[in-house]
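Subject: Structure handover and notes

Dear colleague,

I am passing on the structure we spoke about, with the sequence alongside. Please look through it first, and then read the notes below.

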Amino acid sequence: MDDAVAELAAGQYLLFTRDQAAGLGVSPKTMERRLQARRWLFVAPGVYSLPGAAPSWRRDLMAACLQAGPEAVVSHEAAAALHGLDTFPPGSVTVTVKHGDHQHLRAGRLRQSTDLGLHHRTVVDGLPVTTVARTFCDLAAGTRPARLRAALDSAFATRSCSVDDVRRCLEELRRPGKRGLRRLAALLEARTGGRVPAPSTLERRLKLVLRENGLPIPVREHELPWDRQTQGRVDFAYPGQRIIIEADSRRWHTRERDFEVDRRRDREAQLAGWDVYRFTWEDLRTCPEEVAATVRRALALSRK
């Protein structure tokens with residue numbers, strides 16, 4: 001029985017539940033003896049550990065899922081961090097259970113859901129977790145648009161999920177009273193079906209943002225400093241400071257296709273000693289102060 005428990009715990013960050021141990025034939029009296037002898041360690045009500053486990057955030061997530069029950073799943077901010085989405089660092093412990101399953105976690109936040117289907121679940125690092133698309137739908141109600149937008153950008157760029165994946169999940173969950181989904185739909189629309197300004201419009205906007213914040217206007221359509229033979233151009237440049245600014249006016253699906261091309265050109269610029277900063281229409285429209293602050297900081301660093 002001890003070998004069976006050890007084998008089970010090995011796949012669960014050395015954690016296991018009382019019910020799991022009972023299912024392997026361990027009697028209540030044997031459980032008590034193991035706990036008294038500290039061969040098993042108490043972690044949370046109904047959750048035990050074998051000795052020697054190193055503390056970690058993922059282990060905390062597993063402990064929360066085991067305590068919440070076999071249908072519990074890592075969700076919301078914790079799921080976003082587990083999927084590696086930008087702006088969501090590891091640390092949060094949040095799990096979701098079916099509605100009506102009233103429990104209290106020893107450590108972490110417990111949420112309930114009436115619409116978490118099996119197709120909304122996946123496994124990451126041995127942990128049950130909501131899919132990336134479902135995670136966005138869960139986050140939409142309580143996450144600032146700028147933060148949610150950055151996470152969407154990272155998911156689409158790394159192909160963790162697609163716009164269609166998120167849209168299908170959104171349409172499935174949409175109902176009166178479901179908060180946040182309208183906001184999420186607007187963010188998706190901005191990437192696929194919304195208005196995308198012409199390059200000239202975006203360039204004028206960038207110049208306006210820089211001018212209003214007292215920053216010098218860069219050179220427009222500057223030739224590629226490291227490859228003059230191809231007649232390529234960058235959108236803007238501060239040649240004296242070796243700074244390039246790219247103003248991205250393409251639709252999101254085009255940006256996704258050209259992701260590798262952009263990254264390759266950025267690497268070429270860095271190898272030639274130039275710093276590249278990319279700003280989208282959404283950046284210039286919703287957070288112009290951040291754009292200006294970034295450029296100001298870049299110029300200041302180049303003078304050191």
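The expected span of a helix is taken here as 1.5 Å times one less than its number of residues. Please keep in mind throughout that this is a predicted model.

The residues of α14 that are buried are Pro288, Val291, Ala292, Val295, Ala298 and Leu299. An α-helix has 3.6 residues a turn, so residues three or four places apart point the same way. On the face of α14 that is turned away from the buried side, the exposed residues are Glu289 and Glu290.

Helix α4, at residues 57–68, has 12 residues and reaches 17 Å from its first C-alpha to its last, which is close to the 16 Å expected. This helix is mostly covered, with 10 of its 12 residues buried, and among the buried ones are Trp57, Arg59, Met62, Cys65 and Gln67.

Turning to the aromatic residues, the count comes to 3 aromatic pairs. In one of them, the ring centres of Phe16 and Tyr48 are 6.0 Å apart and the ring planes are at 70 degrees, and because planes over 60 degrees apart count as edge-to-face, the pair is placed in that class. The pair links distant parts of the chain, since Phe16 belongs to strand β1 (residues 15–17) and Tyr48 to strand β3 (residues 47–49), 32 residues apart. Both Phe16 and Tyr48 are buried, and ring pairs join Phe16, Trp40 and Tyr48 into a cluster.

Finally, the second largest pocket holds about 380 Å³ of space. Its lining is made up of 20 residues, and those that lie nearest the centre of the pocket are His76, Arg111, Asp138, Ala141 and Lys178. At least two lining residues come from each of α5 (76–82), β6 (109–113) and α6 (132–139), with α6 giving the most, at 4 residues. Sorted by class, the lining of this pocket has 9 polar, 8 charged and 3 nonpolar residues.

With best wishes

Notes. Residues numbered from 1 in each chain as written. Predicted model: local features only at pLDDT ≥ 70, side-chain atom pairs only at ≥ 80, totals over all residues. Heavy atoms only, no water. Buried < 20%, exposed > 50% of the residue type's maximum accessible area, 1.4 Å probe, protein only. 1 Å grid on protein atoms, 1.4 Å probe; cavity = no way out; pocket = protein on both sides within 12 Å on 5 of 7 lines; lining within 4 Å. Points joined across faces, edges and corners; volume = space filled by probe spheres on them. Nonpolar A, V, L, I, M, F, W, Y, C, P; charged D, E, K, R; others polar. Phe/Tyr/Trp six-rings, centres within 6.5 Å; stacked < 30°, edge-to-face > 60°.
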